[in-house]
Amino acid sequence: MEAMLVLLGSVVLAIPVAVVYLLVASSGLRRRITELETQVARLMAGTAPAAQAAPAARPDPKAAASTPAKVPEPEKTDAAPESEVAAARVIAARRARTEAIVATEAAEPRPPSPVSKLATWLIANWFYAVSALSLALAGLFLVQYGVENGLLPPTARVLAALVFGGALIAGGEVIRRRFGDSPDTTTAYLPSVFSGAGLVTLFGGVAAARLLYELIGVEVAFVGLASVGLLGVVLGWLHGPLLAAVGVIGAFTAPMLVGSTAPVTPWLFVYFGVVTAVGLTIDTVRRWAWVSALSVALGFGMGWLLVQASGLDMTLGFQLYVTVVVALAILIPARGLTPDHDGPLLTGWLINVAGPRPWFPTLLAAAAVAVTSAGLGWTSVMGPEAFWCAVCALGLMAAVLTVWSVKAQALQDVCVLPIAALIAMIALEGTEQGAIYATFAATYAETTEARFPLTVTLLWGLGLGLSLLAAARSTRPGFHVLWAIAAALIAPTIAVAIEVTWQPASVLGAYPWALHAITMGAIMVSLAVRFGRRDGPDKTRASLFVLSALASIAFALVLIFSLAALTVALAVTVAVAATLDRRFDLPLMQLFVTVGVAAVGVRLVGTPGLVWAVEAPVWEIVLAYGGALSAFCVGLWMLRDKLRVTAQLMLDTGAWATGGMLASLLLFRALEAALGQDGMFTHWGLGLFAVIWLGLMMAQLIRAERLGGLLVWVRRALAVVFGVIGFCALGVALTIASPLVFDWLGDVAGPPIVNTLAVAYLLPALVLGLGALRLRTHWLRIGFGVAAVALLIYWAFTALRHVWQGARDMPLDSGFTQPELYSYTVAILVTGAALFYQSLARRSPLLRRAGLVVIGLAVAKVFLIDISGLEGLTRVLSLVVLGLSLAALAWLNRWAQSRYESA
């Protein structure tokens with residue numbers, strides 16, 4: 001075990017070798033490599049050898065760009081006018097300036113890569129790291145040796161370690177003062193090696209005195225550690241980065257290398273916190289960024305190791321520890337009690353990596369906040385106390401960062417991290433049914449007289465407080481709209497997370513939980529009024545809070561209303577949003593209208609949806625679907641003269657789809673009541689379902705065409721799903737359930753033409769035809785138009801057959817009568833004549849060609865079917881009518897063609 005500890009300590013102490021290269025001075029080998037790179041770059045740029053002889057006189061790029069190089073003037077000749085000579089001068093000057101800039105940039109050597117820096121420093125200075133490691137281990141093992149052999153009493157062991165550490169520091173300081181510590185001296189890095197090893201030994205001695213032997217109290221141990229840390233800051237200022245690396249890493253690993261057999265104590269968090277503060281202080285004094293990164297990383301890592309080693313006993317200490325560490329990581333680099341981080345935001349850089357990069361203090365703060373948020377969320381599941389401690393820590397962190405971001409503008413987006421962790425932690429507690437959730441759910445399990453549980457109310461109140469704080473932050477300098485968005489989203493998002501994972505209505509009751517949502521909506525309304533007065537013509541922030549208020553009201557309605565009433569209530573909020581937009585000019589209401597129409601559509605189609613409508617009372621169907629249709633129409637009328645393309649299209653298509661569903665459902669229920677049968681699998685029932693789903697498909701296709709955006713593929717996928725359902729229902733109605741095939745699913749009901757055949761086939765044909773007219777994609781228009789025409793022909797055929805055969809002889813295996821065959825011919829000829837007439841009225845050659853195709857079908861039918869199927873005068877009459885019709889249509893075709901040619 002001790003060998004493993006030594007090996008682990010050796011690996012950890014080797015880290016400064018990988019870090020110190022960032023700021024160490026260059027060795028002689030590096031200078032020679034740099035000179036060679038400079039000479040190669042100048043040779044490649046074509047500079048003169050004279051420039052190579054004086055590398056110190058490096059030209060300034062700005063001076064080269066601002067002062068054009070002198071070039072020989074072209075000789076004037078009699079053939080060259082003065083304007084051409086001036087133009088030549090300008091061109092030559094620009095060319096010379098460009099070449100000077102290129103040569104200057106080429107002359108500047110590229111900085112070596114981090115890998116080459118590390119390799120160079122390791123080759124030249126690896127023995128310094130090993131030396132520091134050996135001396136530090138010697139001081140620590142001095143204490144361990146005394147423990148193992150019992151040669152010295154505990155006090156003497158600690159004093160020996162302290163004396164040894166002090167001797168190492170004194171020796172390093174003597175070498176630095178007498179011989180120097182610069183890279184070009186023979187004693188380079190030796191003072192840092194000795195002083196760093198001495199610091200590690202001092203940290204180990206103080207830690208052993210408190211943690212191992214309990215020779216000193218907490219106060220004395222803290223003062224000792226702080227004194228050693230202050231000494232490390234001073235020595236780091238004097239000696240350089242190698243000492244800082246040795247001191248920081250050695251201090252973190254000292255408790256592990258001392259070899260204590262005592263149980264892990266929470267005071268180790270204090271120790272690691274002091275060491276972290278020391279490393280951050282060295283950075284804030286000398287601006288060695290890697291020291292802060294190393295200190296914070298090791299601080300979090302050691303804290304995590306303590307929790308892993310001790311389990312639940314150290315959870316609360318770890319939560320407090322990481323909260324303090326994140327405060328240190330933000331405040332110490334700022335050198336004050338409030339941060340002043342400035343520069344680009346982290347999110348802006350993540351979106352555009354090529355843009356300006358945030359400053360190091362901002363990156364350090366963001367990383368510390370992220371790790372702390374994750375650590376608090378990770379430990380929140382370890383018991384009730386851990387959960388509430390994490391909630392308080394995350395809430396406090398979010399609030400403090402919000403206040404600090406007024407001056408520290410670069411930390412504005414960092415506030416999102418603790419809020420996101422808080423929401424995830426609340427959802428995780430409910431999903432995993434942790435101790436807090438279990439206590440809440442069992443409140444009234446034994447008696448209904450139990451006290452009202454405040455768990456959910458406290459979490460909801462925390463979210464509301466953070467929303468109010470973000471709203472107040474929106475009035476200060478910074479990203480006003482983004483803070484308003486945060487204020488409008490934090491409280492509702494936490495409420496939704498509680499509703500989805502905790503289901504508090506099952507414990508509190510629907511009305512008490514809905515009261516929380518109504519209260520939240522009222523507060524959002526007050527914020528909307530305040531910002532509406534404050535912002536004047538700009539209603540962006542007021543719109544955001546109105547959206548949040550409407551969402552809160554809709555959330556409350558979901559909790560207390562029945563199925564039909566809830567659908568109507570949501571639709572009414574859509575109409576209210578459109579009315580508010582018209583009254584106060586709130587463009588963001590378009591977002592609520594869009595989401596509201598989609599939500600109402602989900603309720604009308606999915607939950608409770610069509611399955612509920614088939615069995616529900618008719619008055620509830622009229623209330624749900626009719627109320628939604630009325631609300632959509634009101635919203636569309638309110639936005640009639642405003643530029644709200646998305647909202648208007650959503651309301652328009654939603655109204656058409658809802659109207660089609662309402663008409664289809666009412667007709668379905670009326671036919672069921674009139675015929676006294678279940679219409680689910682009849683030809684007319686399947687046709688009505690096809691009307692509903694094909695109408696929904698058309699609505700999604702129109703939205704995808706007109707709106708586009710990120711949801712275009714979602715809308716197309718929904719259109720495909722709806723279309724597959726609709727065409728499947730229509731396919732069954734055309735085949736298995738068709739009266740032409742079987743009569744076991746119900747006969748045709750109703751008089752000729754106006755009967756269930758029209759419901760089954762004519763209505764879907766009209767839906768496809770209207771959809772083809774509204775679509776813009778050419779191949780969709782052609783496809784749906786052809787499908788509509790084919791379905792219309794099918795309906796005409798079944799309607800004529802019903803006229804001659806009646807309901808019972810509709811199947812094709814019953815045969816055809818002669819008048820029936822003749823009526824088909826007449827119908828085809830009438831259709832062709834109608835197409836010819838439309839071609840004249842619309843001056844459309846396409847319709848004229850379609851008419852010729854239809855007439856050709858009539859001719860084919862007469863010669864192929866009627867001649868063999870008809871008898872006597874009926875056959876003669878069919879041929880006579882065909883001949884006269886063809887003659888008239890031929891004349892009409894020539895006349896129409898001459899009209900087109902003359903036009």
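Mentor: Let's start with a term: a helix crossing is left-handed when the near helix is turned anticlockwise from the far one by less than a right angle. Keep in mind that the model we are reading is predicted.

Trainee: Thanks! How does α28 pass α29, left-handed or right-handed?

Mentor: The crossing of α28 past α29 is left-handed. The axes of α28 (residues 618-638) and α29 (residues 645-675) come within 9 Å and cross at roughly 160 degrees. An angle over 145 degrees counts as roughly antiparallel, and α28 is therefore roughly antiparallel to α29.

Trainee: Which residues of α28 and α29 meet?

Mentor: On the α28 side they include Val618, Tyr625, Ala628, Phe632 and Leu636, and on the α29 side Leu651, Gly654, Met661, Leu665 and Arg669 are among them. By class, this contact of α28 with α29 has 15 nonpolar, 6 polar and 2 charged residues.

Trainee: Now a second pair. What is the angle between α17 and α20?

Mentor: The axes of α17 (residues 384-404) and α20 (residues 455-473) cross at roughly 10 degrees and come within 10 Å. Angles under 35 degrees count as roughly parallel, so α17 and α20 are roughly parallel to each other. Phe387, Trp388 and Val391 are among the α17 residues in the contact, with Leu458, Leu462 and Arg473 among those of α20. The residues of this contact divide into 11 nonpolar, 3 polar and 1 charged.

Trainee: Stepping back, how many helices and strands does the chain have?

Mentor: The protein chain has 36 helices and 0 strands. Of its 903 residues, 46% count as buried. Among contacts with a separation of 6 or more, 71% come from residues 24 or more positions apart.

Trainee: In the largest nonpolar core, which residues touch the most other members?

Mentor: That core has 194 residues, and Trp502, Phe545, Tyr625 and Phe784 touch the most other members. Helix α30 (residues 683-707) gives the most to this core, with 15 residues. Take Phe784: leaving aside neighbours within four places in sequence, Phe784 is in contact with Met697, Met698, Leu701, Phe727, Leu768, Ala772 and Leu775. Apart from this core lies another, of 5 residues, including Val158 and Tyr213.

Trainee: Let me try a single residue. Is Val600 buried or exposed?

Mentor: Buried means under 20% relative accessible area, and Val600 is buried because its value is 0%. Val600 sits in helix α26 (residues 589-605). Not counting residues up to four places away in sequence, Val600 touches Thr567, Leu570, Ala571, Ala628 and Phe632.

Trainee: What is the phi of Gln503, and where is Gln503 found?

Mentor: Gln503 has a positive phi of about 50 degrees, although it is not a glycine. Gln503 is in the loop between α21 (480-502) and α22 (505-508). Ile753 also has a positive phi, near 70 degrees, and is found in the loop between α31 (712-734) and α32 (756-774). With a relative accessible area of 39%, Ile753 is partly exposed.

Definitions and conventions: Residues numbered from 1 in each chain as written. Predicted model: local features only at pLDDT ≥ 70, side-chain atom pairs only at ≥ 80, totals over all residues. Heavy atoms only, no water. Axes fitted to C-alpha atoms, helices over the stretch in contact; angles between N-to-C directions. Helix = DSSP H or I, 4+ residues; strand = E, 2+ residues; numbered from the N terminus. Parallel < 35°, antiparallel > 145°, perpendicular 65-115°, else oblique. Contact = heavy atoms within 4.5 Å. Nonpolar A, V, L, I, M, F, W, Y, C, P; charged D, E, K, R; others polar. Core = buried A, V, L, I, M, F, W, Y, C linked by side-chain atoms within 4.5 Å. Buried < 20%, exposed > 50% of the residue type's maximum accessible area, 1.4 Å probe, protein only.
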